[in-house]
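Colleague: I'd like to go through this fold with you and hear what backs each label. Can you put it up?

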Amino acid sequence: MDYYSLKGVPNTAFTEALAFAFQKRDLELLALQLLIPGKISNGTGYFLVLFEIMGVSLVDMYVWSWMYENPFATADDLKEAVLRISKEVWNKYYSEIFGIKDQVILAIYSHMIAYPLYLPAYPIGHLIDYQIEEYISDKQFAKEVKRILLPEALHLTYG
């Protein structure tokens with residue numbers, strides 16, 4: 001470990017992966033999961049979530065690159081750049097599928113400016129979440145989460 005103070009601190013993608021694992025179980029915890037009509041199957045659901053968040057992540061990366069290239073930009077300049085970049089990403093990856101050009105929906109996340117380059121961790125987090133879900137599908141969720149979060153607890157016996 002290059003930086004001792006970071007030893008054991010997971011990347012944002014890993015913390016998001018566990019957040020997604022818990023987030024999916026919120027209605028289950030409240031015994032409301034049967035109220036969700038037309039639940040999407042595993043692979044398809046992950047694909048749709050990744051497809052959406054990857055566009056936002058690209059906008060985030062392009063916007064930060066633009067900000068480094070334009071250090072004296074005003075707030076209005078930034079707004080204009082975010083909207084332009086979101087349209088460019090939309091038109092390249094989404095417009096043909098949805099039949100709409102120049103959409104700015106990918107510019108919606110305030111995380112983009114408030115938390116620099118945070119959004120690209122989401123797609124990676126979803127991929128990690130998928131792997132965790134596949135692995136623990138036949139195991140006890142709480143026991144596996146404890147094992148993931150507390151590796152030193154591996155020697156403990158579970159009752």
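Modeller: The protein has eight helices and zero strands. Here helices are DSSP runs of H or I with at least four residues, strands are E runs of at least two, and numbering starts at the N terminus. This is a predicted model, so local features need pLDDT of at least 70 and side-chain atom pairs count only at pLDDT 80 or more, while totals for chains, interfaces and linings use all residues. Residues are numbered from 1 along each chain as its sequence is written, and side-chain values use heavy atoms, with hydrogens and water left out.

Colleague: What is the average pLDDT of the protein?

Modeller: pLDDT is the predictor's confidence in each residue, from 0 to 100. The average is 82, and 77% of the residues score at least 70.

Colleague: What makes Phe20 and Tyr122 a tilted aromatic pair?

Modeller: Rings of Phe, Tyr and Trp (its six-membered ring) pair if their centres lie within 6.5 Å; planes under 30 degrees apart are stacked, over 60 edge-to-face, and the rest tilted. Phe20 and Tyr122 sit 6.0 Å centre to centre with 35° between the planes, so they pair and count as tilted. Phe20 is in helix 1 (residues 12-23) and Tyr122 in helix 7 (residues 121-136), 102 residues apart.

Colleague: Why is Phe20 called buried?

Modeller: Buried means under 20% relative accessible area, exposed over 50%, and partly exposed in between (1.4 Å probe, protein chains only). Phe20 has 8%, so it's buried. Tyr122, at 12%, is buried too.

Colleague: And how do you know whether Trp64 and Tyr68 are buried or exposed?

Modeller: Trp64 has 16% relative accessibility, so it counts as buried, whereas Tyr68, at 66%, counts as exposed. They form a tilted pair, 6.3 Å centre to centre and 50° between the planes. Being four residues apart in helix 3, they're separated by about one helical turn.

Colleague: Which residues does Val63 touch, leaving aside neighbours within four places in sequence?

Modeller: With contact meaning heavy atoms within 4.5 Å, Val63 meets Leu78, Val82, Ile85, Met112 and Ile113.
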